[in-house]
Amino acid sequence: MKISIRRSRRAAMAVALGSVLALTATACGDDGSGAGGDKGSEGSGKGEIVFWDNNGGVRTDIWKEIIADFEKANPDIQVKYVPIAATEYQSKVDNSIQAGGLPDVGGVGAAMLAGIAAQNALEPLDDRLAKSSLSSKLNKDMVASLKAAGGGDETLYSIPTSANNGVLYYRTDLFKKAGLDEPTTWDKFYKAAEKLTDKGKNEFGYTIRGGAGSIAQALDAMYGQSGITSFWDSSGEKTTVNDPKNVKALEKYVALYKKVTPAADLNNDFTKMVAQWDSGTIGMLNHNLGSYQDHVKALGVDKFRGIPQPIGAGGKRVQVSNPVDGLGVFKSSKNKDAAWKFIEFAVSQAENSKFNESAGQVPANTEAAKDAWVSKAEPTKLAAAALSDGSTTIVQLPYYLPDWNTISKTDNEPAFQKVMTGSTSAKDFLDTLADQLNKAQAEWNEQKG
């Protein structure tokens, strides 16, 4: 279900006025059912709670392990685990806000946070965190990122679990065979993509993401090449996405499609793209830390590396922000006490370390981030270093806009495919995207004022 900017703004204003009406719930009791305006209750702190995983399938095994640990430590609480694919999670939550049936607790990452919070569906967590054992043990930057993404009022609606930086994975065996340098610059990246391609042998230099999640990857390639370091101009009202430098960068990047990439890339989301890279002879893949373990299982540690994004012509590395992931309590929950206990447990040192080692991501728990596996997982180690050694500038995407997820996914993923096939120009695509973003920013600024 598409949420309009105007409707999201009205919802956020209604929250501020305290006049949001509760929508009819489809069920009652301790199962968390309810709609966006339902205030829920603390509950008994016992019984069953429902947990929605926002990356079901990919993270199912590790969540089941954490849930088993939690139920052993808390025998009076049972967790009903519901895996939901990342590509379906946003619409599932939006529909349940209107029709009822929200869980007690669920994954709430920065990219979708503002849209859900604007509909009054999430429980503020500042007070709970302040009284928790986690209060001094969470990465401050990740907490700040989620506060900023919540819609601009600095309320914490999600407890961070991990950061998931963009990575350029490349096949070291194929590069060595071709006598290629490591793709540390964009020039080396393009050279390698061309040299490693032999369509007759079904060998390709790169795999480009054309399906779900394509916009974030395209933005990363654009800003990485252009060197532009801010998503908004100096006025804070106009986006830089359609700056001529970004247009030129996108034109060059999209020209890779079918020239040095498989034709199937047009519809590939991250799961298909990762599986294709792991099983084939493709030289390079842009994804994030989350797929590292998949590559290890498929290729071993000797046939690939995962390094920070290439350095641009200006001698600096620019990347767009990857959304911090987290866990939130839904306001309609009838057992918020038990839901919060689950979050506290899941983000404790041992469990957060276990989760992020499995996912290959940077832990939010600062004690977990010091565990030995972090320095052994090379992409995680390099990503963390790039963010702290001054070599990388991060372009912060406007996750705080209630319609960011709709604009960057529903509205423009199909449009980006038209750019890939040549039926729409990169300039027209970026001009349309810029117009949508500028309007969203203007409405958000009006709401704040």
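This is a predicted model: local features need pLDDT of at least 70, side-chain atom pairs count only at pLDDT 80 or more; totals for chains, interfaces and linings use all residues.
How many nonpolar, polar and charged residues are in the lining of the largest cavity? The first legend gives the count.

View 1. Residues are numbered from 1 along each chain as its sequence is written, and side-chain values use heavy atoms, without hydrogens and water. The lining of the largest cavity has six nonpolar, four polar and one charged residues (Ala, Val, Leu, Ile, Met, Phe, Trp, Tyr, Cys and Pro count as nonpolar, Asp, Glu, Lys and Arg as charged, and the others, Gly among them, as polar). Gln 90, Gly 115, Pro 402, Asn 405 and Thr 406 lie nearest the centre of this cavity. At least two lining residues come from each of α3 (86–99), α4 (110–117) and α17 (404–411). A cavity is a set of points, on a 1 Å grid over the protein atoms alone, where a 1.4 Å probe fits but cannot get out; lining residues have an atom within 4 Å of a point. Helices (H or I, at least four residues) and strands (E, at least two) are DSSP runs, numbered from the N terminus.

**View 2. The open sheet of six strands.** Its order is β2-β1-β3-β10-β4-β11, with mixed pairing; two strands pair if DSSP finds at least two bridges between them. β2 (77–83) and β11 (362–363) are at the edges with a single partner strand each, so one side of each has no neighbour in the sheet.

**View 3. The pairing of β3 and β10.** Strand β3 (residues 105–107) runs antiparallel to strand β10 (residues 325–329), and three bridges join them. Gly 107 is placed opposite Leu 327 in β10.

How values were computed. On a 1 Å grid over the protein atoms alone, a cavity is a set of points where a 1.4 Å probe fits but cannot get out, and a pocket is an open set with protein on both sides within 12 Å along at least five of seven lines; lining residues have an atom within 4 Å of a point.
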